[in-house]
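Take a look at the fold below.

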Amino acid sequence: MFERRPTRQIRVGNEKTGVVLIGGGLPGSDGKPTTPAPVSVQTMTAGYTYDIDRCVTEINRLAAAGADVVRVAVPERKDTEALSEILNQTSVPIVADVHFHFKRALEAVEAGVHKIRLNPGNIQDRDQVNAVIDACRDAGIPIRVGVNEGSIIERKDKQKRKEELGKFFEKSSATGTLGAKHAHLLALIIAKLEEYMEIFYERDFLDVAISCKSMDAAFTVAAYKEVSARFDEPLHLGVTHAGPKETGAIRSIAALSGLLTQGVGDTVRISYANDPVYEVEDGLELLYSLGLREREGVELIACPTCGRIQVDLFTLVQDVRAKLASEITVPMKVAVMGCVVNGPGEAEGADVAVFAGDRKGIIYVQGERVANIPEHEILDRLLAECLTFQRRVLDGEAKLGEKVVEIVPPDPIGELGSGVEKIASGNVAKATGLTINET
Ligand code: SF4
(Lines give C-alpha, C1' and ligand atoms only; values in the text may rest on other atoms or scores of the structure.)
Protein backbone atom coordinates (compact mmCIF):
# COMPACT_ATOMS: atom_id res chain seq x y z
CA MET A 1 0.00 0.00 0.00
CA PHE A 2 2.73 2.48 0.97
CA GLU A 3 5.91 2.43 -1.05
CA ARG A 4 8.73 1.41 1.26
CA ARG A 5 12.11 3.12 1.22
CA PRO A 6 14.65 0.57 -0.10
CA THR A 7 17.28 -0.40 2.45
CA ARG A 8 19.90 -3.03 2.99
CA GLN A 9 18.46 -6.12 4.63
CA ILE A 10 19.53 -7.75 7.85
CA ARG A 11 18.69 -11.19 9.24
CA VAL A 12 17.95 -11.83 12.90
CA GLY A 13 17.60 -15.32 14.33
CA ASN A 14 18.41 -18.83 13.19
CA GLU A 15 16.84 -22.16 12.31
CA LYS A 16 15.57 -22.70 15.84
CA THR A 17 13.95 -19.31 16.27
CA GLY A 18 13.07 -18.68 12.66
CA VAL A 19 14.79 -15.87 10.76
CA VAL A 20 13.26 -12.39 10.91
CA LEU A 21 14.28 -10.26 7.94
CA ILE A 22 14.42 -6.52 8.55
CA GLY A 23 14.33 -4.05 5.67
CA GLY A 24 15.25 -4.83 2.08
CA GLY A 25 14.99 -3.53 -1.46
CA LEU A 26 18.68 -2.84 -2.05
CA PRO A 27 21.04 -5.55 -3.34
CA GLY A 28 22.34 -8.00 -0.76
CA SER A 29 25.94 -9.16 -0.33
CA ASP A 30 25.48 -11.43 -3.39
CA GLY A 31 24.57 -8.40 -5.52
CA LYS A 32 21.02 -9.58 -6.04
CA PRO A 33 18.14 -7.25 -5.08
CA THR A 34 16.35 -8.13 -1.87
CA THR A 35 12.62 -7.92 -1.31
CA PRO A 36 11.51 -5.63 1.53
CA ALA A 37 10.45 -7.78 4.47
CA PRO A 38 7.17 -7.12 6.26
CA VAL A 39 7.62 -4.55 9.02
CA SER A 40 8.36 -6.49 12.20
CA VAL A 41 7.38 -5.83 15.81
CA GLN A 42 9.88 -5.77 18.65
CA THR A 43 9.62 -5.30 22.37
CA MET A 44 11.81 -5.53 25.43
CA THR A 45 11.47 -7.50 28.64
CA ALA A 46 10.73 -5.48 31.77
CA GLY A 47 12.26 -7.92 34.30
CA TYR A 48 15.81 -8.83 35.25
CA THR A 49 17.62 -10.96 32.70
CA TYR A 50 19.63 -12.80 35.35
CA ASP A 51 16.36 -14.11 36.83
CA ILE A 52 16.27 -16.89 34.25
CA ASP A 53 12.87 -18.43 34.99
CA ARG A 54 11.02 -15.13 35.04
CA CYS A 55 12.89 -13.86 32.00
CA VAL A 56 12.04 -16.99 30.01
CA THR A 57 8.39 -16.74 31.07
CA GLU A 58 8.26 -13.10 30.01
CA ILE A 59 9.95 -13.75 26.66
CA ASN A 60 7.58 -16.62 25.91
CA ARG A 61 4.56 -14.45 26.80
CA LEU A 62 5.80 -11.74 24.45
CA ALA A 63 6.44 -14.23 21.67
CA ALA A 64 2.94 -15.67 22.17
CA ALA A 65 1.53 -12.13 21.90
CA GLY A 66 3.19 -11.84 18.47
CA ALA A 67 6.59 -10.25 19.10
CA ASP A 68 8.94 -11.03 16.21
CA VAL A 69 12.06 -10.10 18.18
CA VAL A 70 12.57 -9.60 21.93
CA ARG A 71 15.33 -7.49 23.52
CA VAL A 72 16.78 -8.03 26.97
CA ALA A 73 18.96 -5.73 29.08
CA VAL A 74 22.39 -7.03 30.07
CA PRO A 75 23.83 -4.44 32.45
CA GLU A 76 25.85 -6.93 34.48
CA ARG A 77 27.95 -10.05 33.98
CA LYS A 78 25.28 -12.12 35.72
CA ASP A 79 22.85 -11.07 32.96
CA THR A 80 25.05 -12.25 30.11
CA GLU A 81 25.79 -15.44 32.09
CA ALA A 82 22.06 -16.17 32.05
CA LEU A 83 21.73 -15.78 28.30
CA SER A 84 22.68 -19.23 27.07
CA GLU A 85 20.06 -20.90 29.29
CA ILE A 86 17.48 -18.29 28.27
CA LEU A 87 18.27 -19.00 24.61
CA ASN A 88 17.85 -22.74 25.29
CA GLN A 89 14.38 -22.21 26.65
CA THR A 90 13.00 -19.70 24.15
CA SER A 91 12.34 -19.74 20.42
CA VAL A 92 12.19 -16.11 19.33
CA PRO A 93 15.23 -14.06 18.22
CA ILE A 94 16.84 -12.31 21.21
CA VAL A 95 18.71 -9.01 21.14
CA ALA A 96 21.14 -8.05 23.91
CA ASP A 97 20.83 -4.38 24.84
CA VAL A 98 24.30 -3.15 25.71
CA HIS A 99 25.26 0.16 27.31
CA PHE A 100 28.53 1.38 28.82
CA HIS A 101 30.36 -1.98 28.91
CA PHE A 102 31.43 -3.36 25.53
CA LYS A 103 32.41 -6.61 27.25
CA ARG A 104 28.72 -7.32 27.86
CA ALA A 105 28.34 -7.35 24.07
CA LEU A 106 31.22 -9.79 23.65
CA GLU A 107 29.78 -12.03 26.38
CA ALA A 108 26.32 -11.90 24.80
CA VAL A 109 27.71 -12.85 21.39
CA GLU A 110 29.60 -15.71 23.01
CA ALA A 111 26.35 -16.90 24.62
CA GLY A 112 24.71 -17.10 21.19
CA VAL A 113 22.44 -14.05 21.18
CA HIS A 114 20.96 -13.13 17.79
CA LYS A 115 21.68 -9.40 17.64
CA ILE A 116 23.47 -6.71 19.63
CA ARG A 117 22.28 -3.17 20.31
CA LEU A 118 25.01 -0.59 20.89
CA ASN A 119 24.46 3.00 22.04
CA PRO A 120 26.86 5.51 20.45
CA GLY A 121 26.18 7.76 23.43
CA ASN A 122 27.96 5.46 25.86
CA ILE A 123 30.21 3.05 23.93
CA GLN A 124 32.47 5.24 21.83
CA ASP A 125 35.97 3.83 22.06
CA ARG A 126 36.93 2.77 18.53
CA ASP A 127 38.85 -0.32 19.61
CA GLN A 128 35.93 -1.44 21.75
CA VAL A 129 33.45 -0.96 18.92
CA ASN A 130 35.80 -2.79 16.55
CA ALA A 131 35.99 -5.70 18.99
CA VAL A 132 32.18 -5.95 19.04
CA ILE A 133 32.01 -5.68 15.24
CA ASP A 134 34.55 -8.48 14.82
CA ALA A 135 32.71 -10.72 17.29
CA CYS A 136 29.38 -10.13 15.55
CA ARG A 137 30.89 -10.75 12.14
CA ASP A 138 32.36 -14.07 13.32
CA ALA A 139 29.01 -15.06 14.83
CA GLY A 140 27.10 -13.87 11.72
CA ILE A 141 24.79 -11.57 13.68
CA PRO A 142 23.80 -7.93 13.11
CA ILE A 143 24.18 -4.86 15.30
CA ARG A 144 21.68 -2.09 15.91
CA VAL A 145 23.22 1.31 16.37
CA GLY A 146 20.68 2.85 18.68
CA VAL A 147 20.95 6.60 19.14
CA ASN A 148 18.81 7.98 21.91
CA GLU A 149 17.99 11.63 22.56
CA GLY A 150 18.59 11.14 26.27
CA SER A 151 22.14 9.83 25.95
CA ILE A 152 23.58 11.46 22.83
CA ILE A 153 24.86 14.70 24.35
CA GLU A 154 28.19 14.53 26.20
CA ARG A 155 27.60 14.63 29.95
CA LYS A 156 30.96 14.00 31.62
CA ASP A 157 33.27 16.38 29.74
CA LYS A 158 31.94 19.90 30.41
CA GLN A 159 33.94 21.60 27.66
CA LYS A 160 32.86 19.04 25.09
CA ARG A 161 29.27 19.34 26.24
CA LYS A 162 29.40 23.11 25.80
CA GLU A 163 30.82 22.72 22.30
CA GLU A 164 28.23 20.15 21.35
CA LEU A 165 25.35 22.25 22.53
CA GLY A 166 26.73 25.24 20.63
CA LYS A 167 27.10 23.51 17.28
CA PHE A 168 24.86 24.60 14.49
CA PHE A 169 23.86 22.25 11.75
CA GLU A 170 23.27 23.98 8.45
CA LYS A 171 22.83 21.10 6.08
CA SER A 172 19.83 19.45 7.67
CA SER A 173 16.77 19.68 5.45
CA ALA A 174 14.67 19.14 8.57
CA THR A 175 15.88 22.16 10.52
CA GLY A 176 13.40 24.45 8.81
CA THR A 177 10.51 22.64 10.45
CA LEU A 178 12.12 22.42 13.89
CA GLY A 179 12.72 24.91 16.64
CA ALA A 180 16.30 26.00 17.33
CA LYS A 181 16.76 23.58 20.24
CA HIS A 182 15.65 20.61 18.22
CA ALA A 183 17.63 21.70 15.17
CA HIS A 184 20.78 21.69 17.34
CA LEU A 185 19.89 18.31 18.73
CA LEU A 186 19.26 16.85 15.30
CA ALA A 187 22.56 18.30 14.14
CA LEU A 188 24.36 16.56 16.96
CA ILE A 189 22.60 13.28 16.43
CA ILE A 190 23.34 13.17 12.71
CA ALA A 191 26.96 14.24 13.18
CA LYS A 192 27.55 11.60 15.87
CA LEU A 193 25.72 8.93 13.92
CA GLU A 194 27.78 9.62 10.79
CA GLU A 195 30.96 9.48 12.81
CA TYR A 196 29.91 6.25 14.49
CA MET A 197 28.80 4.57 11.29
CA GLU A 198 32.20 5.35 9.75
CA ILE A 199 33.68 2.84 12.22
CA PHE A 200 31.43 0.16 10.75
CA TYR A 201 32.05 1.16 7.13
CA GLU A 202 35.80 1.24 7.64
CA ARG A 203 35.56 -2.26 9.11
CA ASP A 204 33.48 -3.23 6.07
CA PHE A 205 30.62 -4.34 8.33
CA LEU A 206 27.22 -3.56 6.82
CA ASP A 207 25.05 -5.87 8.90
CA VAL A 208 23.60 -2.91 10.77
CA ALA A 209 20.23 -1.36 11.62
CA ILE A 210 19.81 2.16 12.96
CA SER A 211 17.42 3.74 15.43
CA CYS A 212 17.18 7.37 16.43
CA LYS A 213 14.68 7.75 19.23
CA SER A 214 13.28 10.78 20.98
CA MET A 215 10.42 11.25 23.41
CA ASP A 216 9.01 14.01 21.20
CA ALA A 217 6.81 12.68 18.38
CA ALA A 218 7.41 15.57 15.96
CA PHE A 219 11.17 15.41 16.53
CA THR A 220 11.12 11.65 16.04
CA VAL A 221 9.53 12.13 12.61
CA ALA A 222 12.07 14.80 11.61
CA ALA A 223 15.01 12.77 12.93
CA TYR A 224 14.08 9.53 11.16
CA LYS A 225 13.39 11.37 7.91
CA GLU A 226 16.84 12.90 8.10
CA VAL A 227 18.43 9.54 8.91
CA SER A 228 16.54 7.80 6.12
CA ALA A 229 17.77 10.38 3.62
CA ARG A 230 21.40 9.78 4.65
CA PHE A 231 21.72 6.06 5.38
CA ASP A 232 20.87 2.84 3.55
CA GLU A 233 20.54 0.81 6.75
CA PRO A 234 17.11 -0.52 7.79
CA LEU A 235 15.47 1.59 10.48
CA HIS A 236 14.13 0.50 13.83
CA LEU A 237 11.38 3.00 14.72
CA GLY A 238 10.35 4.05 18.18
CA VAL A 239 9.42 6.91 20.45
CA THR A 240 11.41 6.49 23.61
CA HIS A 241 10.04 7.08 27.12
CA ALA A 242 6.58 7.48 25.61
CA GLY A 243 5.05 7.23 29.07
CA PRO A 244 2.00 5.34 30.24
CA LYS A 245 0.01 3.39 27.68
CA GLU A 246 -2.89 5.84 27.76
CA THR A 247 -0.86 8.76 26.39
CA GLY A 248 2.15 6.85 25.10
CA ALA A 249 -0.02 5.11 22.54
CA ILE A 250 -1.04 8.42 20.97
CA ARG A 251 2.50 9.78 20.99
CA SER A 252 3.95 6.59 19.51
CA ILE A 253 1.31 6.10 16.86
CA ALA A 254 1.44 9.77 15.84
CA ALA A 255 5.17 9.49 15.10
CA LEU A 256 5.32 5.96 13.76
CA SER A 257 2.31 6.13 11.46
CA GLY A 258 3.61 9.42 10.05
CA LEU A 259 6.88 7.72 9.15
CA LEU A 260 5.48 4.39 8.00
CA THR A 261 3.03 6.05 5.61
CA GLN A 262 6.02 7.82 4.06
CA GLY A 263 7.76 4.47 3.58
CA VAL A 264 10.23 5.00 6.44
CA GLY A 265 10.71 2.22 8.98
CA ASP A 266 11.42 -1.51 8.83
CA THR A 267 10.79 -2.67 12.38
CA VAL A 268 8.93 -0.97 15.23
CA ARG A 269 9.05 -0.93 18.99
CA ILE A 270 6.37 0.86 20.91
CA SER A 271 7.45 1.55 24.48
CA TYR A 272 5.13 1.99 27.45
CA ALA A 273 5.56 2.23 31.19
CA ASN A 274 3.40 -0.89 31.37
CA ASP A 275 3.32 -4.59 30.55
CA PRO A 276 5.29 -4.99 27.28
CA VAL A 277 2.57 -7.28 25.93
CA TYR A 278 0.67 -4.04 25.22
CA GLU A 279 3.63 -2.83 23.17
CA VAL A 280 3.40 -5.92 20.98
CA GLU A 281 -0.38 -5.78 20.63
CA ASP A 282 -0.39 -2.10 19.74
CA GLY A 283 2.58 -2.41 17.39
CA LEU A 284 0.84 -5.19 15.50
CA GLU A 285 -2.47 -3.31 15.40
CA LEU A 286 -0.66 -0.28 13.97
CA LEU A 287 0.85 -2.36 11.18
CA TYR A 288 -2.43 -4.18 10.49
CA SER A 289 -4.31 -0.87 10.36
CA LEU A 290 -1.87 0.55 7.82
CA GLY A 291 -1.97 -2.62 5.73
CA LEU A 292 1.75 -3.21 6.36
CA ARG A 293 1.21 -6.66 7.84
CA GLU A 294 -1.28 -9.39 7.09
CA ARG A 295 -3.64 -9.54 10.01
CA GLU A 296 -3.57 -12.65 12.17
CA GLY A 297 -6.67 -13.14 14.28
CA VAL A 298 -9.78 -11.04 14.60
CA GLU A 299 -10.37 -7.50 13.39
CA LEU A 300 -12.94 -6.19 15.86
CA ILE A 301 -15.32 -3.40 14.88
CA ALA A 302 -17.48 -1.89 17.61
CA CYS A 303 -19.66 1.17 17.97
CA PRO A 304 -18.82 3.81 20.59
CA THR A 305 -22.44 3.65 21.91
CA CYS A 306 -24.74 6.61 22.31
CA GLY A 307 -28.14 7.47 23.78
CA ARG A 308 -29.76 4.72 21.72
CA ILE A 309 -27.92 1.88 23.43
CA GLN A 310 -30.03 -0.70 25.27
CA VAL A 311 -27.43 -3.32 26.22
CA ASP A 312 -24.15 -3.11 28.15
CA LEU A 313 -22.07 -2.87 25.01
CA PHE A 314 -18.79 -1.74 26.62
CA THR A 315 -18.63 -4.91 28.72
CA LEU A 316 -19.75 -7.06 25.79
CA VAL A 317 -17.02 -5.65 23.52
CA GLN A 318 -14.28 -6.25 26.11
CA ASP A 319 -15.52 -9.80 26.71
CA VAL A 320 -15.73 -10.51 22.98
CA ARG A 321 -12.21 -9.15 22.46
CA ALA A 322 -10.74 -11.29 25.24
CA LYS A 323 -12.51 -14.47 24.14
CA LEU A 324 -11.82 -14.12 20.43
CA ALA A 325 -8.16 -13.16 20.91
CA SER A 326 -7.42 -16.54 22.41
CA GLU A 327 -9.65 -18.69 20.17
CA ILE A 328 -9.65 -17.20 16.68
CA THR A 329 -6.59 -17.36 14.47
CA VAL A 330 -8.02 -16.55 11.03
CA PRO A 331 -8.27 -12.82 10.19
CA MET A 332 -12.07 -12.59 10.31
CA LYS A 333 -13.91 -9.31 10.77
CA VAL A 334 -16.31 -9.24 13.71
CA ALA A 335 -18.72 -6.34 14.35
CA VAL A 336 -20.42 -5.58 17.66
CA MET A 337 -22.94 -2.81 17.09
CA GLY A 338 -25.36 -1.12 19.45
CA CYS A 339 -28.45 -0.67 17.31
CA VAL A 340 -30.02 -0.68 13.86
CA VAL A 341 -28.77 2.79 12.88
CA ASN A 342 -25.37 1.61 11.63
CA GLY A 343 -25.63 -2.04 12.60
CA PRO A 344 -26.80 -3.48 9.28
CA GLY A 345 -24.20 -1.58 7.24
CA GLU A 346 -21.33 -2.64 9.47
CA ALA A 347 -22.66 -6.17 9.83
CA GLU A 348 -22.80 -6.58 6.06
CA GLY A 349 -19.08 -5.88 5.79
CA ALA A 350 -18.23 -8.21 8.66
CA ASP A 351 -17.90 -11.98 8.65
CA VAL A 352 -19.70 -12.32 11.96
CA ALA A 353 -21.77 -9.53 13.48
CA VAL A 354 -24.21 -8.74 16.22
CA PHE A 355 -26.37 -5.70 16.53
CA ALA A 356 -28.35 -5.07 19.61
CA GLY A 357 -31.81 -3.91 20.51
CA ASP A 358 -33.63 -3.76 23.83
CA ARG A 359 -31.78 -6.37 25.92
CA LYS A 360 -31.30 -8.61 22.90
CA GLY A 361 -29.08 -9.05 19.88
CA ILE A 362 -29.37 -10.42 16.35
CA ILE A 363 -26.35 -12.33 15.09
CA TYR A 364 -25.34 -12.52 11.43
CA VAL A 365 -22.76 -14.64 9.65
CA GLN A 366 -21.72 -13.07 6.34
CA GLY A 367 -25.02 -11.21 6.19
CA GLU A 368 -27.16 -14.23 6.99
CA ARG A 369 -29.20 -14.04 10.19
CA VAL A 370 -28.47 -16.98 12.50
CA ALA A 371 -29.93 -15.97 15.87
CA ASN A 372 -32.10 -13.50 17.75
CA ILE A 373 -31.19 -13.95 21.42
CA PRO A 374 -31.38 -12.26 24.82
CA GLU A 375 -28.47 -10.08 25.97
CA HIS A 376 -26.99 -12.62 28.40
CA GLU A 377 -26.60 -15.20 25.61
CA ILE A 378 -24.90 -12.90 23.10
CA LEU A 379 -21.28 -13.53 24.15
CA ASP A 380 -21.40 -17.33 24.08
CA ARG A 381 -23.40 -17.49 20.88
CA LEU A 382 -21.17 -15.00 19.10
CA LEU A 383 -18.10 -16.99 20.10
CA ALA A 384 -19.74 -20.22 18.94
CA GLU A 385 -20.60 -18.68 15.57
CA CYS A 386 -17.05 -17.35 15.19
CA LEU A 387 -15.58 -20.79 15.93
CA THR A 388 -17.94 -22.49 13.48
CA PHE A 389 -17.13 -19.90 10.82
CA GLN A 390 -13.41 -20.33 11.46
CA ARG A 391 -13.73 -24.08 11.01
CA ARG A 392 -15.58 -23.56 7.71
CA VAL A 393 -12.87 -21.18 6.49
CA LEU A 394 -10.11 -23.63 7.44
CA ASP A 395 -12.00 -26.45 5.70
CA GLY A 396 -12.40 -24.35 2.55
CA GLU A 397 -16.18 -24.15 2.87
CA ALA A 398 -16.29 -20.37 3.42
CA LYS A 399 -14.15 -17.43 2.36
CA LEU A 400 -13.23 -14.45 4.51
CA GLY A 401 -14.82 -11.15 3.53
CA GLU A 402 -17.45 -12.70 1.30
CA LYS A 403 -20.89 -11.10 1.55
CA VAL A 404 -23.42 -13.88 1.16
CA VAL A 405 -26.66 -11.87 1.39
CA GLU A 406 -27.80 -8.27 1.79
CA ILE A 407 -29.06 -7.53 5.29
CA VAL A 408 -32.57 -6.26 5.54
CA PRO A 409 -32.68 -4.20 8.74
CA PRO A 410 -34.88 -5.93 11.32
CA ASP A 411 -38.01 -4.34 12.67
CA PRO A 412 -36.78 -2.37 15.67
CA ILE A 413 -40.15 -2.62 17.41
CA GLY A 414 -40.89 -6.31 17.05
CA GLU A 415 -37.63 -8.15 16.56
CA LEU A 416 -35.32 -5.90 18.53
CA GLY A 417 -37.83 -4.72 21.09
CA SER A 418 -36.99 -1.06 20.65
CA GLY A 419 -39.51 1.62 19.66
CA VAL A 420 -38.68 3.64 16.54
CA GLU A 421 -39.54 6.84 18.35
CA LYS A 422 -37.50 5.81 21.36
CA ILE A 423 -34.47 5.08 19.17
CA ALA A 424 -34.89 8.28 17.18
CA SER A 425 -35.15 10.40 20.30
CA GLY A 426 -32.48 8.54 22.27
CA ASN A 427 -35.08 8.13 25.03
CA VAL A 428 -34.33 4.50 25.76
CA ALA A 429 -34.20 2.58 29.01
CA LYS A 430 -30.76 1.16 29.73
CA ALA A 431 -30.87 -2.58 30.17
CA THR A 432 -27.79 -2.58 32.38
CA GLY A 433 -25.66 0.15 33.87
CA LEU A 434 -22.80 1.12 31.59
CA THR A 435 -19.32 0.86 33.03
CA ILE A 436 -18.46 4.52 32.65
CA ASN A 437 -16.42 6.30 35.26
CA GLU A 438 -18.34 9.56 35.61
CA THR A 439 -15.98 11.26 38.06
S1 SF4 B 1 -26.39 4.83 16.75
FE2 SF4 B 1 -26.43 2.68 17.39
S3 SF4 B 1 -24.62 1.82 16.38
FE4 SF4 B 1 -24.33 4.06 16.37
S5 SF4 B 1 -23.23 4.54 18.26
FE6 SF4 B 1 -25.41 4.71 18.76
S7 SF4 B 1 -25.90 2.66 19.57
FE8 SF4 B 1 -23.97 2.44 18.44
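Start with two helices. α1 and helix α2 (residues 77-88) pack at an angle of about 50°, with axes 10 Å apart. Axes here are lines fitted to C-alpha atoms, for helices over the stretch in contact, and angles run from 0 to 180 degrees between N-to-C directions. α1 and α2 are therefore oblique to each other. Angles under 35 degrees count as roughly parallel, over 145 as roughly antiparallel, 65 to 115 as roughly perpendicular, and the rest as oblique. The crossing of α1 past α2 is right-handed. That word applies if the near helix is turned clockwise from the far one by less than a right angle; anticlockwise is left-handed.

Which residues of α1 and α2 make the contact? From α1 come Ile52, Cys55, Val56 and Ile59; from α2 come Ala82, Glu85 and Ile86. Contact means that C-beta atoms, placed from the backbone, lie within 7 Å. By class, this contact has six nonpolar, no polar and one charged residues. Ala, Val, Leu, Ile, Met, Phe, Trp, Tyr, Cys and Pro count as nonpolar, Asp, Glu, Lys and Arg as charged, and the others, Gly among them, as polar.

A word on the source: this is a predicted model, where local features need pLDDT of at least 70, side-chain atom pairs count only at pLDDT 80 or more, and totals for chains, interfaces and linings use all residues. Residues are numbered from 1 along each chain as its sequence is written. Helices (H or I, at least four residues) and strands (E, at least two) are DSSP runs, numbered from the N terminus.

**More helix pairs**

Two packed helices are described by the angle between their axes and the distance between the axes. Here are two further pairs.

| Pair | Angle | Axis distance |
|---|---|---|
| α1 (residues 52-65) and α10 (residues 276-289) | about 20° | 9 Å |
| α8 (residues 217-230) and α9 (residues 245-260) | about 25° | 8 Å |

α1 and α10 are therefore roughly parallel to each other. Their crossing is right-handed. Arg61, Leu62 and Ala65 of α1 touch Pro276, Val277, Val280 and Glu281 of α10. Those residues divide into five nonpolar, no polar and two charged.

α8 and α9 are therefore also roughly parallel to each other. α8 and α9 cross in the right-handed sense. Ala217, Thr220, Val221 and Tyr224 of α8 meet Arg251, Ala254, Ala255, Gly258 and Leu259 of α9. The classes in this contact are six nonpolar, two polar and one charged.

**The sheets**

Strands of a sheet pair through backbone hydrogen bonds, either parallel or antiparallel. Two strands count as paired if DSSP finds at least two bridges between them.

An open sheet of eight strands has the order β8-β7-β6-β5-β4-β3-β10-β9, with parallel pairing. β8 (208-213) and β9 (236-237) are the edge strands, each pairing on one side only. Within this sheet, β4 (residues 69-73) and β5 (residues 94-98) pair in the parallel sense over four bridges. Val72 has Ala96 of β5 as its bridge partner.

Five strands form another open sheet, ordered β11-β12-β13-β14-β15, and its pairing is mixed. β11 (299-302) and β15 (368-374) stand at the edges with a single partner strand each, so one side of each is left without a neighbour in the sheet. From one strand to the next, the twist averages 15°. β13 (residues 352-356) and β14 (residues 360-365) pair in the antiparallel sense over five bridges. Opposite Val354 stands Ile363 in β14. Helix α11 (residues 313-327) lies across β11, β12 (333-337) and β13, and runs at about 165° to β12.

**Around the ligand**

Which residues are around the ligand? Among them are Cys303, Pro304, Thr305, Cys306, Arg308 and Ile309. To be listed, a residue needs its C-beta atom, placed from the backbone, within 6 Å. By class, this shell has seven nonpolar, four polar and one charged residues.

Notes
Contact = placed C-beta atoms within 7 Å.
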